[in-house]
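Reader: I would like to learn how such features are read, one at a time, with the general idea before the particular case. Could we begin with a pair of side chains?

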Protein chains: 2
Amino acid sequence: MTAQAPPTLAGIGAAAERLAGIAVHTPLIENPALNARAGGRVLLKAETLQRTGSFKFRGAYNFLSQVPTDARTRGVVAYSSGNHAQGVAAAAEIFDIPATIVMPADAPQAKVDNTRGFGAEVVTYDRQTESREDIAAAIAGESGATLVPPFDHAWTIEGQGTVGLEIAAQCAAMDTRPDEVLVCCGGGGLTSGIAIALADRVPSSVIKAVEPTGFDDASRSLIAGQRLSNEPGAASICDALLSPSTGDLTFAAMFAHDVTGLSVSDDEVRAAMAYAWRTLKLVLDPGGAVALAAILSGKVETKDRTIVAVLSGGNVDAALFNACIVDA
Amino acid sequence: MTAQAPPTLAGIGAAAERLAGIAVHTPLIENPALNARAGGRVLLKAETLQRTGSFKFRGAYNFLSQVPTDARTRGVVAYSSGNHAQGVAAAAEIFDIPATIVMPADAPQAKVDNTRGFGAEVVTYDRQTESREDIAAAIAGESGATLVPPFDHAWTIEGQGTVGLEIAAQCAAMDTRPDEVLVCCGGGGLTSGIAIALADRVPSSVIKAVEPTGFDDASRSLIAGQRLSNEPGAASICDALLSPSTGDLTFAAMFAHDVTGLSVSDDEVRAAMAYAWRTLKLVLDPGGAVALAAILSGKVETKDRTIVAVLSGGNVDAALFNACIVDA
């Protein structure tokens with residue numbers, strides 16, 4: 001295990017080879033109505049159509065495939081509000097090894113059900129009073145299971161970075177080049193992986209990390225040049241993006257590649273989920289909708305430009321989803 | 001105008017050239033969870049991602065592009081419960097000509113709003129007491145507008161048939177060949193167009209027309225060898241598939257290419273809409289869900305086979321959609 005090794009372009013390339021035929025090569029979707037509204041070209045990387053309904057499968061599978069076989073057979077453990085949980089559970093199912101997932105007691109029921117559906121054991125904890133890290137460490141200590149980090153590990157980041165390679169290849173096949181790529185940012189695994197891939201493939205493209213209001217630690221950290229944390233007490237419907245801070249590796253990669261950040265409100269996220277349902281015919285979860293929300297709310301210059309927005313996930317409870325689309 | 005000319009493979013090829021760069025080349029989506037459930041390979045042709053949220057734009061645009069210019073400037077008129085309405089309205093907007101759409105007063109509000117959003121005038125009628133054909137004919141007589149037939153015209157059928165060409169090319173690129181292709185069937189425009197295209201490109205594939213229970217006129221007609229109508233009084237949530245019968249041209253093409261039919265219930269359709277939301281992350285309208293419903297309900301043999309299901313549309317009111325997914 002090389003926990004502190006930074007993620008590399010070569011590692012992303014190797015991850016793409018491991019994931020070929022296993023992960024879904026998700027489409028880059030273009031919608032004429034959205035283009036007309038934006039006055040430019042918007043290309044949607046639909047990771048909602050990925051195995052488990054989010055990009056997280058890529059990093060989880062890439063990580064598990066590099067754990068030595070004898071350790072891997074003792075199983076894996078992970079903590080996650082949901083999308084990483086499903087990614088790890090689905091990858092573990094493919095390797096036919098046990099998986100234990102530590103999830104907050106208030107995680108969306110759909111994510112809990114799906115995680116169990118992949119054969120994983122779910123252990124819940126109280127987000128206010130218990131430490132998921134401690135619980136996961138205790139499980140790993142007892143069982144010998146390997147902890148699968150949600151974002152701050154080269155293997156995880158390199159798996160997510162394959163999204164960037166696909167974006168570059170798909171844009172090239174469409175004979176276009178993105179001016180800007182918008183990526184949701186919680187711990188920064190997806191954003192940093194995409195930044196590394198595109199720095200090589202489309203060096204002219206600008207990468208932006210999109211965060212929920214109140215959880216803009218990455219935006220502030222990238223300005224400050226050092227990792228900052230979110231103030232406690234903030235709330236957002238974007239359950240997938242509530243990490244207290246980015247990681248050492250993810251922050252370093254984002255900073256090195258000139259990533260900057262911007263924020264969207266919960267209302268802007270709800271409006272984006274409704275738009276995706278009504279016009280794009282795509283199901284997004286709140287975290288998966290922030291990049292689209294940045295476009296629809298006018299926070300990104302789209303006129304006569306080509307913007308890629310990563311739609312990172314679509315695992316959402318019916319009640320929340322219904323509340324969004326009823327008011328549309 | 002050559003209203004009685006039958007649709008041809010050459011006409012479908014010409015339609016594909018007209019639609020290139022105008023219609024969305026919709027992805028053929030594969031979902032590992034659905035494959036696992038089916039015990040085979042299911043490929044989803046996502047016409048929900050088409051311009052206007054359904055395949056209908058293809059036929060409408062192909063039709064309008066062949067109306068002589070002097071006639072076309074006088075505008076177009078169409079009658080439709082919604083998806084054809086939006087297709088015609090969007091095509092007319094591209095040609096910058098006036099469009100009047102005759103819609104039932106109880107059409108889904110989303111479809112009415114979207115049709116108006118494309119700049120069309122909407123005229124409503126009472127489904128029980130008024131004839132949409134008469135109203136449309138009167139409008140055409142007064143204004144000199146051209147009636148755009150919803151299905152029974154070569155130009156309409158040939159536009160829809162481009163879906164079949166894309167399926168064949170996409171399957172070939174994936175190095176596979178569909179054993180069976182499931183297509184929703186109301187008037188039969190999409191089914192007949194796909195049947196003509198695939199009879200040439202993948203002659204071994206079987207084409208099945210999927211209808212709502214109580215509206216299985218195509219299934220019965222294809223057995224009887226002659227056009228039969230639905231019994232009056234039936235009801236279904238599949239508002240896009242309630243045509244009283246197939247057309248002369250659509251029936252002839254389906255019969256000539258050995259299409260057979262099968263039916264799905266409203267409950268099976270609701271379950272398919274919920275599955276698409278929960279697992280596929282795709283928004284389907286009831287008519288757009290019948291082919292998937294046929295698979296999920298076990299009415300189609302999927303084990304160790306490759307099945308293409310056309311997801312024909314995703315224009316649905318929030319209330320109906322919510323009712324489907326809440327119970328999932």
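Author: Side chains of opposite charge can pair when their charged atoms come close. In this predicted model, the side chains of D267(A) and R270(A) meet in a salt bridge, with 2.7 Å from N to O. These two residues are three apart in helix α12 of chain A, which means that about one helical turn separates D267(A) from R270(A).

Reader: How many salt bridges does a search of the whole structure find, and how many does the rule find across the interface of chain A and chain B?

Author: Over all chains, the search finds 28 salt bridges, whereas across the interface of chain A and chain B the rule finds zero. What the count between the two chains does hold is six residue pairs in polar contact, where both residues have pLDDT 80 or more.

Reader: What rotation and what shift along its axis superpose chain A on chain B?

Author: Two copies of a chain are related by a rotation about an axis and a shift along it. For chain A and chain B the rotation is 180 degrees and the shift is 0.0 Å, with an RMSD of 0.0 Å; the two copies are therefore related as by a two-fold rotation axis. The same surface serves both copies, since 100% of the contact residues of chain A recur in chain B. Of the residues of chain A, L282(A) comes closest to the rotation axis, its C-alpha lying at 2.5 Å.

Reader: Finally, how should I read an aromatic pair?

Author: A pair of aromatic rings is described by the distance of the centres and the angle of the planes. The search of the whole structure finds 11 aromatic pairs over all chains, and one of them, formed by Y61(A) and F95(A), is stacked, at 5.1 Å centre to centre with 20 degrees between the planes. Y61(A) lies in helix α3 (residues 56–64) and F95(A) in helix α5 (residues 83–95) of chain A, so the pair ties together parts that are 34 residues apart in sequence.

Definitions and conventions:
Residues numbered from 1 in each chain as written. Chains lettered and ligands numbered in written order. Predicted model: local features only at pLDDT ≥ 70, side-chain atom pairs only at ≥ 80, totals over all residues. Heavy atoms only, no water. Least-squares fit on C-alpha atoms with pLDDT ≥ 70 in both. Contact = heavy atoms within 4.5 Å. Salt bridge = Lys/Arg side-chain N within 4 Å of Asp/Glu carboxyl O. Polar contact = N/O pair within 3.5 Å; in protein donor to acceptor, adjacent residues only side chain to side chain. Phe/Tyr/Trp six-rings, centres within 6.5 Å; stacked < 30°, edge-to-face > 60°. Helix = DSSP H or I, 4+ residues; strand = E, 2+ residues; numbered from the N terminus.
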